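Subject: Structure for your review

Dear colleague,

Please find the structure below, followed by a summary of what was found in it.

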Amino acid sequence: MQTGKILGISGPTVSVDLKGLKLYERVFVGHGLLTGEVVRLERSHAVIQVYEETRGLGVGEPVKGLGMPLTVRLGPGLMGSMYDGLQRPLERMRKEMGPFIRVWKEMYGLDYIKRWNFKPAVRMGDELQYGMIVGEIQEGAFKHYIMCGAEKGMVAWIASGDISLDEPFGEFTGGLEIPGCHEWPVRMPRPYRKKFAPVTPLVTGQRIIDFLFPLARGGAAIIPGGFGTGKTIFEQSVAKFADVDIVVYVGCGERGNEMADLIAEFDELEDPWTKRRLRDRTILVVNTSNMPVAAREASIYTAVTMAEYYRDMGYNVLFLADSLSRWAEALREISTSLEEMPGEEGYPTYLASRLSSFIERAGVVETMSGRIGSLSMILSVSPPGGDFTEPVTQACLRTTGAFFMLDTSLAHRRHFPAINWFQSYSLYAKDLSEHYCREVAPEWEDLRRRCNQLLQQEESIREVAEIVGVEGLQDADRLVMRVAERIRNEFLGQNAYSDDAFSPPDKTLALIKSIIAYHDRAAEKLKQGIALDEAMKSDEVGRVGG
Amino acid sequence: MRLSEHTYRTISTIAGPLLFVEKVQAARIGEVVRVVMPDGRSTDAEVLEIDGETVLVEVYGTTQGVDIEKTTVTFTDAIKKVPLSPDIVGRIFNGSFVPKDGAPLFIPEKWMPLTGSPMNPAARARPADFIETGITAIDGLNTLVRGQKLPIFSCAGLPSKEVVAFILRNARLAQADRSFVVVFAALGLTFHEYSFYQRVLDEMRTGFVAFVNMADEPVMERLLAPRFALTVAEYLAFEKNMDVLVIITDMTNYCDALREISTAREELPGRRGYPGYMYSDLASLYERAGRIRDRVGSVTMLPVVTMPEDDITHPIPDLTGYITEGQIVLSRELHQKGVSPPIDVLPSLSRLMQKGIGEGRTRADHRNTANHLYKYYAKGRDLRRLEAIVGRDGMTKADLPMLDFADAFEQEIIGQGPARRTVQESLDAGLVLMKKFSLEVS
C-alpha cells in the first residue's frame, strides 16, 4: 500500500500527492481513515472524493491507496440489515458509539463471527466457475446460495455444516480458498448470461398501478411529485405489499424520522404473500439528508449491487429508491467541488448517462448459474417546485418504462395515492394486460378500457358543468359523473393506513367490475325512462370495500 | 495534530467575510481562527478551504477594520464549540452567543460542537405524543408531534409574528410531569420586531432560551444562531431529558445569508442564486429534530418561512417542504377576511399527525372529527367557486349549508382570536359547529 499526503481540501474533495493511483480506486484519507474514491488523476496530484465529513481534516495528513475500487461485501447476513451508504451496519454503530454518528470508522457490512449451517452443492473434483453455486445457507426464510466469486478451478475440498464467514468454505486445487462471501465493486453491474424482455407483472397491491399502469418484473418506473404528494408513503406501501421475494430500500437523502417509522413498521408488519415479518425480506440502505453527501451518491450503487446479488440467486428483487433527486443533487455537489463545467440547472452533463446506465441494471436475467432472477426498480423523484421539466425527471423518463405522476392538486384534495390518471403511463401495459387477461380474468383489458373511458368522459363533462352547472347536465352525463366519482374515490383512491392498503388482483377486479356494472345497470334504467335519482338509488348494492 | 496555536500575519486577500491567508502550516478544515485587527478588536473565523499553504478563512463577525499589513490570524487547532449548562434556560443571547440580557455568561458544564453530529437513523425513535400549541388549526387539524419538524409558511405582511408569539406563550405538553422548554432563534430581526418579541419573552420570564440576531448585525451570525439554538436544544433534550420546541424565525433570512456567503465564496449559483447545496445545508438544521430510542427528551422544530412573492415553489419553501414533515400555511385571503390566526388548513399538513392523536394521546374521535371538518370545509370551498359563477340562487339546497359552514368554520374554528384552546376544546368546537349545520359525523 502506498502512502501520500493531503495537499488541499475543499468540501468533500481532497487533493493528494499520491502517485500510482487508479481512477475510482478506494483510498483511506487522514488519520481517521476516512473512505474516499479517486475521481480525477493528474501528473502532479490526484483528486479524491471523500465519503465522510471532512471537518477536522488537515493538510499533511496521510493518504493510502487500497488498490481496489469501492466495494460491497456480499454474503449471508445482509437480509434484514440496515446499512449506511457505504454498507456500514447502522445498528452495530449505534451499539458501539451511541445515538449520534460522531466518528466515521471502517466497519464490515457482514458479521464474520455468526455461525451458519452450510450445505455444499459441489463435491471434490467438480469444476467451479464464476457465478456457479457452491452451496446454500438458510438465511432466515431464504435459501442463500453461496456463489463462486472471481476465482475458478477444481474443488480440492469443501466444508459442510457449522461454519462462519471467517473460515474457508473450501479450497481449489492449488490452495486457493473458496470463501463464503466476496466483495464486488459497486459501480460495476454484476454479469449475467442473458437478459429478457419484462412480460410478467409485479403486483404492487396498489389498484391504480396494477390496473391502469402496471409494472413488470424487471421493469423500472419513476414516481415524481412535489412535496406532500405522498411519494414516500407510496414507496413504502409498495415495499410492504409487492409480490416479490426481496425488497432493497434506499432512503437516499431523505428524512430520518421517516426511516425510523419505516423500520418500526417493518418490524411489526407481515408480508401479505408469505406471512413472514416484512423486515426479514428487506435490506435497508439509509443515508439521511444530514449524513455526508458523497456517501449519498454511493448509496444507490451499494444498494443496487446487493439487489443484483440476490437476483443472481434466482430471486425476484424489488429496488426502491427515495429519492433519486437527492442522489442527483449529491452528484451536482461533488461535480461543483471538482469545478466541472455545469450543464442544465448546474447538474453535470453526465447526469443523464449516469442515470441511464444505473436504471439499465434492472431487468429479468438468466443468471450465471442458469436461474431466472429479476430486478425491478421504482424510483421516486422530487422535482423542485413540482416542475416536471427539470433535468432529473426528464433524464429518467428516457430510460424508465413507467411514469407514475403525482399530482399536487389530487394531494390537496386528499386523494391518495395522488397519481394522475391522465398523465401517467406504463409502456408495459400492453404485454401485462395479456398476462392479466390470461391469468386473472379475460375481461381485464376490456374493463380497463371502460374505466379509462369513464374518467375521460368525466373530464369533458366537467368542463361543460363548469359553465352550465351540474343541474343543467343531461341525466346520462350526470350518471357518468357519479360513476367516475366512485371510480376515483372507491377504486383509484386507496388509504395506506387501512385494511384497503393492499388490494390483490382479484379484489381489484371485483371492485372495478361492480362499479362498471353499476353504471351499466343505471344507464339501462335511464334508457327505460326511469329518473336519474331513482336509477342511481335503486342500485347501491354492488359496493365492495368502499 | 499540532496541539498548539499558530499566529500568522500573511493575509493576501480580503473579500467580504473571506480572508486568504498564505504560508499556513497544517491547517484543518473547520478549525477556529482568531482574527485580531490593528485596533485590538478581534473576531472569530473558521477554515473553509485549504489549497497547499493557502487557507481560505471565513469570518463570523464583521471584516470592517481588517487590513493586510497588521492584522494577525491565529489558528487555534480547535473546532467551534458551544458552552452548555442547565442555567441557560431563561437567557437571551445574540448570534455570537454573547448574553443580550445584561447578566454574565453562565459557568459551562459541558462544551459540544456547533455543527452537531448526524443522528444514527437506527437510533431514532419515531415521533410520538403531541404538543399542544393552543391553536385549533394546528392541534385539531394538523397536530404537532414531539420530534417533528413542521414549518410555518407565511407571506410578507401576514401576522406570522403573532402566531409565533402565540405559540411561545401557549405551547405545552399534555403530560404535566415533563419539563418543557422553548428555544427561540430569531434571525435578521428589525428593531420593531425585536421589541415585540422582547415583550413576549419578558412576560414569559423563563421556560425559554433565545438567540437574537438583529437585521443590522453580521450576516454570518444568521448561519450560526440556529446552530447554537439546536446544539442547546439537543443538550437539553438528550442530556437533561427535556422536551424542547425550537422556533426559528425567519428561515428566509437564513437562506439569504447563505446565498450571500456563497456568492462571496464565488460558488456556482443554483436556482435563484441560492447555492446548490442548500438542500443539504437546510437538512443539517431540520434533521436535528427528533427523538432517540431509550431516551426521554425530544427536539421538535417549528421554523418560519416567509415565502418571497407568496410563491410556495420558491426554493426556500420548496426545499423546506421536502425536508420537513408537513407545513402550516398562512393565507392572505383569510387575513383580509379578519380571520386570526389566518391558517389555511387545506394546503396545510402534518405528516406525523397520526402518531400524536387518538385514544390515550388526545381523544378517540380526533381523527374522525378532523376528517369530517376537513371534508365539509373542502367541499364548501369548492362550492364557493361554483357560487361565483352561478350565484347563490343557482345552488342546490344541499349545497347551501356547506357554503355557510365554510364561512362559519373560518370565522369560528380557525379564527379563534387571542384565546387559547385545549385540544379538547378545539375538537368540541368543531363538533358543535357541524351539529349546528346538521352535518353528519359518522
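A residue is called buried if 20 or more other C-beta atoms lie within 10 Å of its own, exposed if 12 or fewer, and partly exposed in between, with C-beta atoms placed from the backbone. By this criterion, 52% of the 546 residues of chain A are buried.

The model is predicted: local features need pLDDT of at least 70, side-chain atom pairs count only at pLDDT 80 or more, and totals for chains, interfaces and linings use all residues. Residues are numbered from 1 along each chain as its sequence is written, while chains are lettered from A and ligands numbered from 1 in the order in which they are written.

Chain A contains 14 helices and 26 strands (DSSP runs numbered from the N terminus: H or I of at least four residues, and E of at least two, respectively). Its radius of gyration, taken over C-alpha atoms, is 26 Å, close to the 24 Å of the globule rule for 546 residues, so chain A is as compact as a globular protein of that length. The rule is 2.2 Å times the number of residues to the power 0.38. Along the principal axes, the C-alpha atoms of chain A fill a box of roughly 90 × 55 × 40 Å.

Chain B is divided into domain 1 (6-78), domain 2 (82-356) and domain 3 (366-436), with bounds from an automatic or database domain assignment. The centres of domains 2 and 3 of chain B, taken over C-alpha atoms, are 31 Å apart.

Yours sincerely
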